[in-house]
Amino acid sequence: VNGKVDMPNAAVVLTEREFTGALPDCKVGIQFCVRGGMQLSGGNNLVRISNDGKIQNDKWNKVLLKIDWREKVVVGQVDTRGKGYAPAIQTVPFRDSTCRGFGYLYIYNTDMQATCWFHSLRIKQDASAE
């Protein structure tokens with residue numbers, strides 16, 4: 001991640017509906033962003049994700065977002081050193097508690113002066129969640 005830290009640099013958004021003009025109309029479940037650190041937007045707040053160190057320019061970071069569908073919350077963890085994820089210390093509610101599933105995934109940079117690269121994305125559902 002490179003760029004200014006006062007504005008969100010990158011975003012990953014999982015929504016129930018297609019984006020057609022206004023993000024709240026999509027029924028946003030998860031909104032992850034980078035803004036002076038890795039954060040999740042839930043309810044009406046931005047919550048920092050626990051990590052194991054400071055995010056550095058031009059270094060890969062691993063992010064794990066665990067979704068609890070029963071409680072409609074997300075637990076985020078970051079590994080900045082490649083030595084394993086920091087312990088999770090908070091849960092973040094879905095942005096829209098009426099979201100019933102994810103049909104769309106949006107990945108984008110939000111600041112023209114910032115750079116964020118995504119190496120790979122894996123979405124996995126536990127057998128118990130089916």
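Predicted model: local features only at pLDDT ≥ 70, side-chain atom pairs only at ≥ 80, totals over all residues.
**First stop: the largest pocket**

Begin by selecting V63, L64, L65, L121 and R122, the lining residues that lie nearest the centre of the largest pocket. The space in this pocket comes to about 1600 Å³. In total, 41 residues line the pocket. Next, colour the strands β1 (10-15), β2 (28-34), β6 (62-68) and β9 (104-109), as these are the elements that give two or more residues to the lining. Which of them gives the most to the lining? Select β6, which contributes seven residues.

**Second stop: the salt bridge**

Now select E16 and R100 and show their side chains. These two residues form a salt bridge, in which the closest N and O atoms are 3.2 Å apart. The count for the model is one salt bridge. Where in the chain do the two partners lie? E16 belongs to the loop between β1 and β2, while R100 belongs to the loop between β8 (92-93) and β9. The pair thus links distant parts of the chain, 84 residues apart.

Display the surface and look at each partner in turn. Is E16 buried or exposed? Its relative accessible area is 15%, so E16 counts as buried, the limit for this class being under 20%. R100, by contrast, has a relative accessible area of 68% and is exposed, since the class begins at values over 50%.

Keep the surface on and select L105, I107, F118, L121 and I123. Together they make a nonpolar surface patch of about 480 Å². L121 was also selected at the first stop, among the residues nearest the centre of the largest pocket. F118 counts as partly exposed, with 40% relative accessibility.

**Last stop: two lysines with positive phi**

Most residues other than glycine have a negative phi. Select K27, which is not a glycine and yet has a positive phi of about 60°. K27 is found in the loop between β1 and β2, and it is buried, with a relative accessible area of 16%.

Finally, select K72, in the loop between β6 and β7 (73-79). What is the phi of K72? The value is positive, about 55°, although K72 is not a glycine. K72 is partly exposed, with a relative accessible area of 22%.

Note on methods. Residues numbered from 1 in each chain as written. Heavy atoms only, no water. 1 Å grid on protein atoms, 1.4 Å probe; cavity = no way out; pocket = protein on both sides within 12 Å on 5 of 7 lines; lining within 4 Å. Points joined across faces, edges and corners; volume = space filled by probe spheres on them. Helix = DSSP H or I, 4+ residues; strand = E, 2+ residues; numbered from the N terminus. Salt bridge = Lys/Arg side-chain N within 4 Å of Asp/Glu carboxyl O. Buried < 20%, exposed > 50% of the residue type's maximum accessible area, 1.4 Å probe, protein only. Patch = residues over 30% accessible without salt bridge, like charges linked within 9 Å, V, L, I, M, F, W, Y side chains within 5 Å. Areas by Shrake-Rupley, 256 points an atom, 1.4 Å probe, with all protein chains shown as cover.
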